[in-house]
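Please read it beside the sequence and the structure shown here.

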Amino acid sequence: MKAKILFTFILLIASLCAAIDFSFVDMENYGSGVTRIVTGFKGSGNYDVVSGSNYVEVTIDNENASRVNISYEGGNIVRSIEQKNNRLRIAISPAYRLEKMVLEEPLRLVLDIIVAKPNRQQKLDIADFYTSCGKLNSADKIYGELNNDYPSDGEILYKWALLLEQRGSNRAKGIVTKIPKNSAYYSAGQDLLARLNGQKIPATPPPEKPSTPEKIMQKEEPRPIEPTQPIQEPPATEEIIKMPMPETLIANPPMPEGSQKSSLPSEQEETKESFLDQNPLLIVFIVLLVLLLCIIFIFLHGSKKKFKPSATLLSEIKATNTNLDTDTLCRMVSKLLENGWTNRQIAKELKLPEEEVERLVKLCHQGNYD
């Protein structure tokens with residue numbers, strides 16, 4: 001009996017120390033400029049990410065890795081995703097750049113594969129992706145680059161103004177006034193300008209892009225079908241139609257009243273009670289095992305470091321150095337922008353006028369403080 005208890009205890013400890021393994025692989029395309037791949041892990045262990053000229057590999061420390069379900073979505077960036085034992089290989093077509101992010105509880109690795117030399121549409125897709133992820137500063141930079149290449153593009157100006165409105169920047173008014181009158185985005189831009197001036201006007205949806213001539217040519221109106229022969233109703237028959245029996249009834253057929261099934265629960269309860277009465281040591285073992293698991297849980301969760309929030313870190317920097325130079329302020333503003341702060345919030349926290357924050361944002365873009 002003691003040997004069985006010890007063997008069970010060893011199996012439970014081994015299950016707690018299970019090696020790392022893949023749990024899922026999800027892929028999603030964001031237009032033609034960005035592809036996001038999320039890899040989930042289970043168990044504990046290490047993994048490594050290696051990137052080459054046309055591939056990215058994720059390797060885990062488990063030679064006996066199980067086969068994972070890969071959700072692959074075709075696109076022009078990622079050609080394929082394959083698993084070879086403990087390696088996950090992602091084949092990539094064009095020149096790319098890789099951005100990584102790790103999420104915990106449960107452990108997930110997020111890989112953002114972005115086109116390295118994007119065209120106009122791909123840059124717009126990347127800017128939209130950054131906006132949806134909260135990376136407003138990065139999206140602002142891309143719209144600035146697009147505006148330099150296409151200064152009179154109404155779509156670029158309108159989306160840029162929407163981003164600046166979300167950030168609370170007063171540059172939005174100047175950007176939206178540059179939308180040409182002959183642009184399809186002019187009307188939506190005027191509504192946006194009215195909202196920026198304090199008028200309560202609902203947001204106008206941007207115009208939809210016209211479909212291509214090929215798709216228009218493929219669309220044909222359905223032709224009415226002319227019956228060549230009159231439709232005759234089937235003659236009435238006296239045959240009985242056999243309906244398929246529901247699966248629930250097949251799996252669990254109804255039992256007649258007074259059958260032996262009603263007596264099964266009481267017999268099972270009596271069997272459990274007699275088993276526990278005959279093995280009192282098992283109850284003690286279960287209680288000790290529960291206490292051990294609670295101690296391990298408290299130890300694991302109590303050893304995690306508690307990171308200070310950015311606001312506390314910012315107050316400490318301000319307390320140690322009240323006269324900050326422009327370079328330090330630019331780095332602080334850049335970090336706060338990456339965390340999703342608006343210009344108004346940054347100005348209030350640093351006790352600076354909003355015009356000074358705007359000047360620091362422009363310096364961040366020129367000096368590349370990311």
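## Elements and overall make-up

Helices and strands are taken as DSSP runs, a helix (H or I) having at least four residues and a strand (E) at least two, and they are numbered from the N terminus. On this basis, the loop between β6 (78-84) and β7 (87-92) is where Asn85 is found.

The model is a predicted one. The protein has 14 helices and nine strands, and of its 370 residues, 30% count as buried. Among contacts between residues at least 6 apart in sequence, 54% join residues that are at least 24 apart.

The buried residues of α2 are Gln122, Lys123, Leu124, Asp125, Ile126, Ala127, Phe129 and Tyr130. Both strands and helices contribute to their cover, which includes β1 (21-30), β2 (34-42), β8 (96-103) and β9 (108-115), together with α3 (136-149) and α4 (154-167).

With α4, helix α2 packs at an angle of about 15 degrees, the axes lying 12 Å apart. Since angles under 35 degrees count as roughly parallel, α2 and α4 are therefore roughly parallel to each other, and α2 passes α4 in a left-handed crossing. In this contact, Arg120, Leu124, Asp128 and Thr131 of α2 meet Glu155, Ile156, Lys159, Leu163 and Gln166 of α4. By class, the residues of the contact of α2 with α4 divide into three nonpolar, two polar and four charged.

## Helix α4 against α3

The axes of α3 and α4 come within 10 Å of each other and cross at roughly 150 degrees. That angle makes α3 roughly antiparallel to α4, and the crossing of the two helices is left-handed. On the α3 side the contact is made by Leu136, Asn137, Ala139, Asp140, Tyr143, Gly144, Leu146 and Asn147, and on the α4 side by Ile156, Leu157, Lys159, Trp160, Leu163, Leu164, Gln166 and Arg167. The contact of α3 with α4 has nine nonpolar, four polar and three charged residues.

## Helix α6

Within helix α6 (residues 186-196), the buried residues are Ala188, Gly189, Asp191, Leu192, Leu193 and Ala194. What covers them includes α4 and also α5 (171-176). After α6 comes Gly198, whose phi is positive, near 100 degrees.

## The pair α12 and α13

Helix α12 (residues 326-338) and helix α13 (residues 343-350) pack with their axes 10 Å apart and at an angle of about 135 degrees. That makes α12 oblique to α13, and α12 passes α13 in a right-handed crossing. From α12, the residues Leu329, Met332, Val333, Leu336 and Leu337 meet Asn343, Ile346 and Leu350 of α13. The residues of this contact divide into seven nonpolar, one polar and no charged.

Beyond this pair, the loop between α13 and α14 (354-367) is the place of Lys351. Phi of Lys351 is near 55 degrees, a positive value in a residue other than glycine, and Lys351 is exposed, with a relative accessible area of 71%.

Arg89 lies in strand β7 and is partly exposed, with a relative accessible area of 31%. Although Arg89 and Glu57 are 32 residues apart along the chain, their C-alpha atoms are separated by 4.5 Å. If residues up to four places away in sequence are not counted, Arg89 touches Tyr55, Val56, Glu57, Ser80, Ile81 and Glu82.

The loop between β8 and β9 holds Pro106. The peptide bond from Glu105 to Pro106 is cis, with omega near -5 degrees.

Terms used: Residues are numbered from 1 along each chain as its sequence is written. This is a predicted model: local features need pLDDT of at least 70, side-chain atom pairs count only at pLDDT 80 or more; totals for chains, interfaces and linings use all residues. Side-chain values use heavy atoms; hydrogens and water are left out. Axes are lines fitted to C-alpha atoms, for helices over the stretch in contact, and angles run from 0 to 180 degrees between N-to-C directions. Angles under 35 degrees count as roughly parallel, over 145 as roughly antiparallel, 65 to 115 as roughly perpendicular and the rest as oblique. A crossing is left-handed if the near helix is turned anticlockwise from the far one by less than a right angle, and right-handed if clockwise. Contact means heavy atoms within 4.5 Å. Ala, Val, Leu, Ile, Met, Phe, Trp, Tyr, Cys and Pro count as nonpolar, Asp, Glu, Lys and Arg as charged, and the others, Gly among them, as polar. Buried means under 20% relative accessible area, exposed over 50%, partly exposed in between (1.4 Å probe, protein chains only).
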